[in-house]
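Thanks for coming. I will keep this short and go through one structure, from the overall fold down to a few residues.

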Amino acid sequence: MADFSWLTVLGFLFLTFNSGMAIYRSNGDAGSVTFVVVSYLDLLALFACLRYYEQLDRHSPKRATVKAGVWSLTTLLTVMFSYKVAEIMPLPVKILVWSMAAATSCGGFYAFFVHDEKPVLPAAAPPAAAVKEADSN
């Protein structure tokens, strides 16, 4: 496994510190502590899956499984944060928040599992007359 960069280590330390502070400031509220812990573990699992996905061979049969895991973890984060935001909003904004969460999750599913990349075709060669004219100049 490749070494982590200092920036990666610093990012995880910052995430861990902020998660710890959020738990400390929750004053023992079980729902808040659960939200922070699940979000933290989800992010760790997501980064681990992404790192593993990047290391897999392009034609590995494991790529589809790891891709499904990445989509599931991102969808879980989207739903959790949408719930927290929608909880404090008026009804029209709640509907907007949940609509955006659904669009994001469905768009991610489409991009990961339905959309098929088309190979890039080379540009058409210029006509022979244009090549002759360019060479003579």
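I will start with the model itself, then take the fold, a loop, a pocket and a surface patch.

This is a predicted model, in which local features need pLDDT of at least 70 and side-chain atom pairs count only at pLDDT 80 or more, while totals for chains, interfaces and linings use all residues. Residues are numbered from 1 along each chain as its sequence is written, and side-chain values use heavy atoms, with hydrogens and water left out.

First, the fold. The chain has 5 helices and 0 strands, in the order α-α-α-α-α from the N terminus. Helices here are DSSP runs of H or I with at least four residues, strands are E runs of at least two, and both are numbered from the N terminus. Of the 137 residues in the chain, 17% are buried. Buried means under 20% relative accessible area, exposed means over 50%, and partly exposed is in between, with a 1.4 Å probe and protein chains only.

Next, the loop between helix H1 (6-25) and helix H2 (30-55), where Asn 27 lies. Asn 27 is not a glycine, yet has a positive phi of about 55°. Most residues other than glycine have a negative phi. Asn 27 is exposed, because its relative accessible area is 73%. Ala 22 sits in helix H1 and counts as partly exposed, at 32% relative accessibility. From Ala 22 to Phe 35 is 13 residues in sequence and 9.9 Å in space, C-alpha to C-alpha.

Now the largest pocket, which holds about 350 Å³ of space. A pocket is an open set of points on a 1 Å grid over the protein atoms alone, where a 1.4 Å probe fits, with protein on both sides within 12 Å along at least five of seven lines; lining residues have an atom within 4 Å of a point. The volume is the space filled by probe spheres set on the points. There are 13 lining residues, and the closest to the centre are Tyr 53, Arg 58, Arg 63, Lys 67 and Glu 117. Helix H3 (62-86) and helix H4 (91-114) each supply at least two residues of the lining, with the largest share, 4 residues, coming from H4.

Last, the surface. Phe 109, Tyr 110, Phe 112, Phe 113 and Val 114 form a nonpolar patch with about 450 Å² of accessible area together. Patch residues have over 30% relative accessible area and no salt bridge, and nonpolar side chains are joined within 5 Å. A salt bridge is a side-chain nitrogen of Lys or Arg within 4 Å of a carboxyl oxygen of Asp or Glu. Accessible areas come from the Shrake-Rupley method with a 1.4 Å probe. Phe 112 is in helix H4, and is partly exposed because its relative accessibility is 32%.

Notes:
Patch = residues over 30% accessible without salt bridge, like charges linked within 9 Å, V, L, I, M, F, W, Y side chains within 5 Å.
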